[in-house]
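Please consult the sequence and the structure alongside the text.

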Amino acid sequence: MARHDQRVGYGLPTILAVALHVVVVAFSVISLPQREAEPTSSSIVQATLVSTETTTDQAQRAEEARARAQAREAEEQRQAEEAARQAEEAAAAEEAARQAEEQAQREAEARAREEARQAAEEEAARRAEQAEQQARLREQQEEQRRQQEEEARRQREAEEQHRREEEAERQRQAEEQRQREAEEEAERQRQAEEQRQREAEEEAERQRQAEEQRQREAEEQRRREEEAERQRQAEEQRRREAERQRETEEQRRREEEAERQRQAEEAARRAAEEAEAALQRAIEGESDAVANARQGEEAANSFINLVRRAVEQAWVIPPNVPQGAAAEISVRLGPSGELFTATISQSSGDSAFDRSAIQAVEAAAPFAELRQLPAAVQRDYRQFNLRFRPGDVR
């Protein structure tokens with residue numbers, strides 16, 4: 001919204017100045033009766049004046065004094081009335097000044113509102129005019145661009161026409177040159193003059209060709225830059241393709257690793273199942289020997305051998321195991337042969353090797369054959385150690 005300063009009117013100051021002058025004039029007109037100052041006598045001679053006035057003269061002077069007194073009273077009353085009238089006029093002037101000031105203020109507010117409205121309308125009109133001017137300017141620019149393109153096209157056509165004409169002119173001049181060679185010396189001089197003219201034209205042509213050469217070089221430079229940009233984009237595309245290929249390869253490698261892990265777990269599970277089956281078969285084959293064993297130690301040894309074979313069948317040895325690696329696993333079983341814990345009591349120094357040993361024990365468990373041992377030795381074989389070396393479990 002446009003900001004407009006409120007105009008200061010001159011009506012109120014003018015009225016106040018007039019009222020002030022009226023009051024000053026009123027006070028200057030009204031004057032109180034003053035006693036006439038008696039002149040100071042400078043004479044040092046004192047004398048007594050003997051009045052020679054008659055009674056008639058004294059009466060006449062008294063009458064004149066009364067007349068002058070009445071005139072002064074009338075004048076004083078007139079002046080008082082004039083002062084009262086001027087005071088009333090001053091009050092009326094002050095009221096009129098106040099009303100004029102209020103009217104001036106109302107008019108100033110009305111003018112301010114009107115000026116604000118006009119300013120808003122002018123601002124809107126100015127913005128509309130600016131928008132229209134910008135639209136016209138854009139149209140003019142578009143028209144100029146079309147004209148420039150048309151002018152460039154006409155110039156190219158004119159240059160092409162000029163080149164064809166010059167080519168035809170050169171061919172015609174060559175033919176005339178062959179004809180002029182058979183003419184007289186004067187003709188040769190004329191031809192020499194024409195030759196000099198042609199040299200000037202050829203110089204102009206060479207300059208034109210040099211300009212065209214510069215334009216071709218500029219075009220070639222632009223083409224090389226575009227080719228470099230295309231190569232950069234192609235290199236960027238190849239880099240992105242390589243990145244996607246690496247990501248795909250990494251994803252495929254992770255999937256293959258997961259598949260190998262799944263296969264290893266599946267192999268461990270199958271090995272555990274086979275160990276369990278072999279253990280069952282071994283138990284069935286050796287059940288008579290265990291049942292008829294005279295000593296509990298023989299049955300216990302058979303149990304340990306069954307555990308060792310089951311663990312060996314479930315053991316998946318990791319690749320790249322260090323030479324001479326060995327790990328000892330402490331196994332603790334429950335009363336029914338279930339595995340409570342399998343911990344490393346002696347590490348091989350290779351975490352993958354140690355982890356594979358623990359996984360083998362976990363895969364071969366539970367060892368239900370523990371319940372087939374004599375009750376006297378079951379407690380002794382609920383905790384034992386297994387030593388893992390590549391190709392052997394003891």
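N320 is placed in the loop between α4 and β1. The model is a predicted one, and in it the phi angle of N320 is near 60°, a positive value in a residue other than glycine. Most residues other than glycine have a negative phi, and most peptide bonds are trans. N320 has a relative accessible area of 76% and is therefore exposed.

**The aromatic cluster**

How many aromatic pairs does a search of the whole structure find? The search finds two. W315 and F353 make up an edge-to-face pair, with 5.5 Å from centre to centre and 75° between the planes. This pair links distant parts of the chain, since W315 lies in the loop between α4 (296-314) and β1 (327-333), while F353 belongs to helix α5 (residues 351-364), 38 residues apart. Both W315 and F353 are buried.

W315 also forms an edge-to-face pair with F388, at 5.1 Å centre to centre and 85° between the planes. Here too distant parts of the chain are linked: W315 is in the loop between α4 and β1, F388 is in strand β3 (residues 383-389), and the two are 73 residues apart. Through these ring pairs, W315, F353 and F388 are joined into a cluster.

Why does W315 count as buried? The relative accessibility of W315 is 10%, and buried means under 20%, so W315 falls in that class. F388 is buried as well, because its relative accessible area is 0%.

Helix α5 contains 14 residues and spans 20 Å from its first C-alpha to its last, close to the 20 Å expected at 1.5 Å a residue. At the start of α5, a side-chain oxygen of D350 comes to within 3.1 Å of the backbone nitrogen of A352. The buried residues in α5 are F353, D354, S356, A357, I358, A360, V361 and A364.

P366 is located in the loop between α5 and α6 (375-378). The peptide bond that joins A365 and P366 is cis, with omega about 0°.

**Salt bridges**

Side chains of opposite charge can pair when their charged atoms come close. Across the whole structure, a search finds 47 salt bridges.

| Salt bridge | Closest N and O atoms |
|---|---|
| E150 and R154 | 3.5 Å |
| E167 and R170 | 2.2 Å |
| R308 and E312 | 3.2 Å |

An α-helix has 3.6 residues a turn, so residues three or four places apart point the same way. E150 and R154 are four residues apart in helix α2 (residues 55-180), and therefore about one helical turn separates them. E167 and R170 are three residues apart in helix α2, so they too are separated by about one helical turn. R308 and E312 both lie in helix α4, where they are four residues apart, about one turn of the helix.

The accessibility of these partners can be stated residue by residue. E150 is partly exposed, with a relative accessible area of 31%, and R154, at 40% relative accessibility, also counts as partly exposed. E167 is partly exposed, its relative accessible area being 33%, and R170 counts as partly exposed at 36% relative accessibility.

Beyond individual pairs, a network of salt bridges links E169, R172, E176, R180, E187, R190 and E194.

**The chain as a whole**

The protein chain has six helices and four strands. From the N terminus on, its elements follow the order α-α-α-α-β-β-α-α-β-β. Of the 394 residues in the protein chain, 18% are buried. The protein chain exposes about 30,200 Å², and carbon and sulfur atoms supply 49% of that area.

Among contacts in the protein chain with a separation of 6 or more, residues 24 or more positions apart account for 70%.

How values were computed
Residues are numbered from 1 along each chain as its sequence is written. This is a predicted model: local features need pLDDT of at least 70, side-chain atom pairs count only at pLDDT 80 or more; totals for chains, interfaces and linings use all residues. Side-chain values use heavy atoms; hydrogens and water are left out. Rings of Phe, Tyr and Trp (its six-membered ring) pair if their centres lie within 6.5 Å; planes under 30 degrees apart count as stacked, over 60 as edge-to-face and the rest as tilted. Buried means under 20% relative accessible area, exposed over 50%, partly exposed in between (1.4 Å probe, protein chains only). The expected span of a helix is 1.5 Å times one less than its number of residues. A polar contact is a pair of N or O atoms within 3.5 Å; within protein, one must be able to donate a hydrogen and the other to accept it, and residues adjacent in sequence count only if both atoms are side-chain atoms. Contact means heavy atoms within 4.5 Å. Accessible areas come from the Shrake-Rupley method with a 1.4 Å probe; for residues, only the protein chains shown count as cover. A salt bridge is a side-chain nitrogen of Lys or Arg within 4 Å of a carboxyl oxygen of Asp or Glu.
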